[in-house]
Amino acid sequence: MQFSGRKRKKMRLTGDQRNVCYPHSLQFTWSHLLKAYLDRVESLAIDRVKLLKAVENLGVSYVKGTEPYQSKLENEIRKLKFSFRENLENEYEPRRKDHISHFILRLAYCQSEDLRRWFIQQEMDLLRFRFSILPKDKIQNFLKDSHLHFEAISDEEKSVREPEILASSPSLSGSKMELELESVYKIPFADALDLFRGRKVYLEGGFAYVPLKDIVAIVLNEFRAKLSKALALTARSLPAVQSDERLQPLLNHLSHSYTGQDYSTQKNAGKISLDQIDSLSTKSFPPCMRQLHKALRENHHLRHGGRMQYGLFLKGIGLTLEQALQFWKQEFIRGKMDPDKFDKGYSYNIRHSFGKEGKRTDYTPFSCMKIILTNPPSHGDYHGCPFRHSDPELLKQKLQSYKISPGGIQQILDLVKGTHYQVACQKYFEMIHNVDDCGFSLSHPNQFFFESQRILSGNKDIRKESIQPETPQPKPSVQKAKDASSALACLNSSLEMDMEGLEDYFSE
C-alpha cells in the first residue's frame, strides 16, 4: 500500500451523474466502491446485517414470491432505508448505502465457509426479490448494465420453436398470446442448469431457450458464481486484515453481530428469585439454556464455556451478583466441592462477569449468533446451540422429552437441515407456547425468555423498560475495538487495498 501526502480531490455528483453511478435499484456487478464517511461504515453494515437476517427469517416463514413474503420484505427494506424500486425519487443515497454496506459485509463474511454460504444465500434471495419487482421495460437495461449478454431470438425464430417452448416453459402456462408478448433468450446450456434440472426449459443444439419470466434463474446463477469468486479472493487478503488488531474485532463483530435489544443493563435485577429458576427453565428457557440448567442440576458442575453462557443469561433475566454467587456456590457444593475452593477459584469469575473485577467490564449475555458461531462444544461440554451442535437423532430425542409433537419435531429438523438454527428455535417457541406466529424474529436467548414471560403473564409487557443498541460482547484481547475511529480508519485503508480493481469515486 502506498501513502501520499497529496489530498484527494473531492468531487460531487449531481443529476444525471448520480443516475449513471446507480442506474438500478438492485446491484449485480458492483464494479466500483464509493468512499464513505468513516464513522458511518459500521452503522451501514449493521443495517445490512439486519436486512439479510430479515430475508432469512421471511424465507423460511413464508413461501418466497407470495404476497405476504413480498409485502413484509418490502416493509423491512423501507424501514432500513435501502433501495428496492425503480422510478422512485431521491434513490441515490439508498442505492449508495446498499452498495457500500455490501462490500463491508464481504470483508466480514468471507472468513469461513459457513459465513460465506449464509451471506451468498441471503444476497441471492434479496436479488431475487428486487428482480421480481423490476419493471419489464427495465429488465433489458439491467441485463446490459450487468454485462449479461443474452441474445434475444427473432420473432421468426420464436414462431418456429413455439410449440416446444410452450411445452417446456411452465411460466408461460401454455399461452400463445403470452409467448408472443414475451422475449425469449438463447443462452448456452451450461448457464441454464437449474432450469434444466427442473425440466423448465427447451434445449436445442447446446442452447436453452429461456422466456424473460425465467431469466431470473440465470441471473441468480451468474450472481452466485461472481459473488462466490469475489468472497474467495477477499478471503485471500485476510492475513493483511488480521494483522491489525484494531480491525479484526470490528469485522468479527459484524459477522457475529446481534442487532436487537441490549440485555447487559439489568432493568429486571432482583425480580427473579432462586426458587423460581427450576420452574422457569421448563417454561421460558430456550433449549440452549434449558440443557445447561439440566446438566448443572445433574452434575453440580459446568465447564467454563457453559458457566459463561448460562451465567450471563441468568444475569440478563434478573439475577443479581449476590444471587448469582449463592446459586453457583450452592450447586457446586452439592457436587462435593469445598466452599473455600469455590470462593478462591470461581467467585472471582462471577464478579468479573458483573463488571466488579478486572477491567470492570459489564459483560453482555451471549446472542444466538455468538453461541452458534463461536466456541463450539467438545466432549463433556453442554454449552452451544442444540440446533447447531447436536446430532439430529439426539436433538429429536430431546424434543420428544420436551413433549413436542411428531409433526412439530419434523418441522424443526427440516429447518435445522437447512441450517436455519434460529428459526428452528423460534418454531420451538411457537410450539411450546401454542401460538401460530410469535410475532418477532428470534435472535437472543434472553429475548426468548422475556417474550415467553410476556405470553405466560397474559400479554402483559414485562420486557425491559428501555431498548438500547447492543455493545459488542467484549473479550480481553479485543478491547481496542472500542477505539472506533482508529478501527474505521484502518478499515477504510484496508478496503482500498483489498478490493482489487475497484475505484474510489468521491467522498461527500
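## Burial and overall build

Buried residues make up 50% of the 508 residues in the chain. Buried means under 20% relative accessible area, with a 1.4 Å probe and protein chains only. This is a predicted model: local features need pLDDT of at least 70, side-chain atom pairs count only at pLDDT 80 or more, and totals for chains, interfaces and linings use all residues. Residues are numbered from 1 along each chain as its sequence is written, and side-chain values use heavy atoms, leaving out hydrogens and water.

The chain has 26 helices and 4 strands. These are DSSP runs, numbered from the N terminus: helices are H or I with at least four residues, strands are E with at least two.

## Histidine 444

Histidine 444 sits in the loop between helix 24 (421-432) and helix 25 (445-456). Its relative accessible area is 0%, so histidine 444 is buried. A polar atom of its side chain lies 3.2 Å from the backbone oxygen of proline 365.

## The largest pocket

The largest pocket has a volume of about 940 Å³. A pocket is an open set of points on a 1 Å grid over the protein atoms alone, where a 1.4 Å probe fits, with protein on both sides within 12 Å along at least five of seven lines. The volume is the space filled by probe spheres set on the points.

The pocket is lined by 30 residues, each with an atom within 4 Å of a point. Ala54, Asn57, Phe440, Ser441 and Leu442 lie nearest its centre. Helix 2 (41-61), helix 3 (67-80) and helix 24 each give two or more residues to this lining. Helix 2 gives the most, with 8 residues.

Methods:
A polar contact is a pair of N or O atoms within 3.5 Å; within protein, one must be able to donate a hydrogen and the other to accept it, and residues adjacent in sequence count only if both atoms are side-chain atoms.
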